[in-house]
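Student: Let's work through this fold by question and answer. Show me the sequence and the model, please.

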Amino acid sequence: MAIQRMDNVGIVVEDLDAAVAFFTELGMELEGRMPIEGPWAEKCVGIEGMRSEIAMMRIPDAPGRLELAMYHAPKAIVPEPAVYPPNTVGLHRVMFAVDDLQGTLERLRPHGAELVGEVTRFEDSYLLCYLRGPSGIIVALAEQLS
């Protein structure tokens, strides 16, 4: 038996509209949006009475999707501290290859993007950075130099 593909990465957010706007500005496209609730969903996620809304984002002309979920019931749990450092167990980041890292950062700043550290250069190969997006999501950007 073999894995066929990785279908998507799911991230719970506090504000679905803000998250969709952020990832749209990054260059993803909204594939669809829909409510998720009912007995099948409750059994799948193990939360009785759950109601959520998801937005499926896709990378144009490439594999890879991001499922953004906002819980209406029960309300999403905000961890303490609300913003974890990048070395927190179980939490890391979603990385995107971009053709213009500085330009991408400038486009994302009005959507709340803040650098976690700074833009760094790895040898003559990449410009790299971590930034925080909506709901504290850590997004890494990589621009290939050579």
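**Aromatic pairs and the fold around them**

Tutor: The structure holds two aromatic pairs. Rings of Phe, Tyr and Trp (its six-membered ring) pair if their centres lie within 6.5 Å; planes under 30 degrees apart count as stacked, over 60 as edge-to-face and the rest as tilted. This is a predicted model: local features need pLDDT of at least 70, side-chain atom pairs count only at pLDDT 80 or more, and totals for chains, interfaces and linings use all residues. Residues are numbered from 1 along each chain as its sequence is written, and side-chain values use heavy atoms, with hydrogens and water left out.

Student: What kind of aromatic pair do Phe22 and Phe23 form?

Tutor: Their ring centres are 5.0 Å apart. The planes stand at 80° to each other. That makes the pair edge-to-face.

Student: What kind of aromatic pair do Phe23 and Phe96 form?

Tutor: Here the centre-to-centre value is 6.3 Å. The angle between the planes is 50°. The pair of Phe23 and Phe96 is tilted.

Student: Which parts of the chain does that pair link?

Tutor: Helices (H or I, at least four residues) and strands (E, at least two) are DSSP runs, numbered from the N terminus. Phe23 and Phe96 are 73 residues apart, so the pair links distant parts of the chain. Those parts are helix 1 for Phe23 and strand 5 (residues 94-97) for Phe96.

Student: Is Phe96 buried or exposed?

Tutor: Buried means under 20% relative accessible area, exposed over 50%, partly exposed in between (1.4 Å probe, protein chains only). Phe96 has a relative accessible area of 11%. Because that value is under 20%, Phe96 counts as buried.

Student: Which residues form one aromatic cluster?

Tutor: Phe22 pairs with Phe23. Phe23 also pairs with Phe96. The cluster is Phe22, Phe23 and Phe96.

Student: Why do the buried residues of helix 1 lie on the same side?

Tutor: Helix 1 spans residues 16-26, and its buried residues are Leu16, Ala19, Val20, Phe22, Phe23 and Leu26. The arc is that of the directions from the helix axis to the C-beta atoms. These residues share a side of helix 1 because they cover an arc of only 160°.

Student: Which residues does Ala19 touch, not counting those up to four places away in sequence?

Tutor: Ala19 is found in helix 1. Its relative accessibility is 0%, so Ala19 counts as buried. Contact means heavy atoms within 4.5 Å. On that test, Ala19 touches Val13, Leu68 and Pro134.

Student: How many bridges join strand 3 to strand 4?

Tutor: Strand 3 covers residues 51-58 and strand 4 covers residues 65-73. They run antiparallel. Within the pairing, Arg51 stands opposite Ala73. The number of bridges is eight.

Student: Which residues is Ser52 in contact with, leaving aside neighbours within four places in sequence?

Tutor: Ser52 sits in strand 3. At 5% relative accessibility, Ser52 counts as buried. Its contacts are Met34, Pro35, Ile36, Met70, Tyr71 and His72.

Student: How many residues of strand 9 are buried?

Tutor: Strand 9 spans residues 138-144 and is mostly covered. Four bridges join strand 5 to strand 9, and these two run parallel. Seven bridges join strand 8 (residues 126-132) to strand 9, and these two run antiparallel. Of the seven residues of strand 9, the buried ones number six.

Student: Which residue in the turn between strand 8 and strand 9 has a positive phi?

Tutor: The two strands form a hairpin with five residues between them. Cys129 stands opposite Leu141 in strand 9. The positive phi is about 60°, and the residue is Ser135.

Technical notes
Two strands pair if DSSP finds at least two bridges between them.
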